[in-house]
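This report describes the fold of a protein and the surroundings of its ligand. The sequence and the model are shown first.

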Amino acid sequence: MTIDFYYVLGSAPCRSVLLCAKSLGIELNLKETNLMAGEHLKPEFLKLNYQHTVPTLVDNGFALWESRAILSYLVEKYGKDDSLYPKDPQQRARVNQKLYFDMGTLYQRFAEYYYPALFAKAPLNPDNYKKMEEAVGFLNTGLEGQKYAAGDTLTIADLALVATISTYDGFKFDFSKYPNVAKWYETCKTTITGYEINQKGIDEFVDKFYGLLPK
Ligand SMILES: N[C@@H](CCC(=O)N[C@@H](CS)C(=O)NCC(=O)O)C(=O)O
């Protein structure tokens, strides 16, 4: 059995999948993909993923992209139990809610604030920073009275969210006004199997991009 994994270590969605593989004890056949060199636009990659994004997983011929879909697939296919992605409909709904929040709000707002400056030399828009703060505030409220994002046990929602929150952290977001997020982030760092891989990716992302921000 070979599971090919096309990825960039600095990318948040790729890091969440790497964490999931560590938690499940699955070995991925790592295929680092150089986006700057356009490797994701080559015909052989487009045959796997016409949307040309990383992460892309190819499990014995089955190609899948969209990191959160990959996370749930890996747990359903390879998890020894359902703890990372509970089968109970309401527990699963809570996990899905956080995954959609991560994709559509938390990560999206980071991208809306920073990407125009990083990739199009546009000025930073303070209104969009407020939106990022609001999103972290939502996460903070949701974490009240619980250890992890979707309840008291670690799920794939935490893996996706910690990849995003650590990206905020790499770009020096101040979590002091969000104590539940700060506490949960520390819990994630110490309880997620193989967390170091996420840190390594963040360091790479920050090294490459933080210096490009307008002064
Ligand atoms: N929602 C997607 C986002 C994937 C994504 O946009 N990946 C970026 C790298 S972080 C990429 O591959 N960009 C190249 C492109 O879109 O051509 C996911 O979670 O997998």
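## Fold and overall dimensions

From the N terminus on, the elements of the protein follow the order β-α-β-α-β-β-α-α-α-α-α-α, which amounts to eight helices and four strands. Helices (H or I, at least four residues) and strands (E, at least two) are DSSP runs, numbered from the N terminus. The radius of gyration of the protein is 17 Å, close to the 17 Å that the globule rule gives for 215 residues, so the protein is as compact as a globular protein of that length. This radius is taken over C-alpha atoms, and the globule rule is 2.2 Å times the number of residues to the power 0.38. Along the principal axes, the C-alpha atoms of the protein fill a box of roughly 45 × 40 × 25 Å.

The model is predicted: local features need pLDDT of at least 70 and side-chain atom pairs count only at pLDDT 80 or more, while totals for chains, interfaces and linings use all residues. Residues are numbered from 1 along each chain as its sequence is written, and side-chain values use heavy atoms, with hydrogens and water left out.

## Backbone features

P55 is placed in the loop between α2 (43-48) and β3 (56-59), and the peptide bond from V54 to P55 is cis, with omega near 5 degrees. N60 is found in the loop between β3 and β4 (62-65); although N60 is not a glycine, its phi is positive, at about 50 degrees.

Surrounding the ligand are S11, P13, H40, H52, T53, V54, P55, E66, S67, R68 and M103, each with a heavy atom within 4 Å of the ligand. This shell comprises four nonpolar, five polar and two charged residues. In this classification Ala, Val, Leu, Ile, Met, Phe, Trp, Tyr, Cys and Pro count as nonpolar, Asp, Glu, Lys and Arg as charged, and the others, Gly among them, as polar.

## Polar contacts and burial

Polar contacts are pairs of N or O atoms within 3.5 Å. A polar side-chain atom of S67 lies 2.7 Å from an oxygen atom of the ligand. For the side chain of R68, an N or O atom is 3.0 Å from a ligand oxygen atom, and for that of H40 the distance is 3.3 Å. Taken alone, the ligand exposes 510 Å², of which the protein buries 71%; accessible areas come from the Shrake-Rupley method with a 1.4 Å probe.

Methods. Polar contact = N/O pair within 3.5 Å; in protein donor to acceptor, adjacent residues only side chain to side chain.
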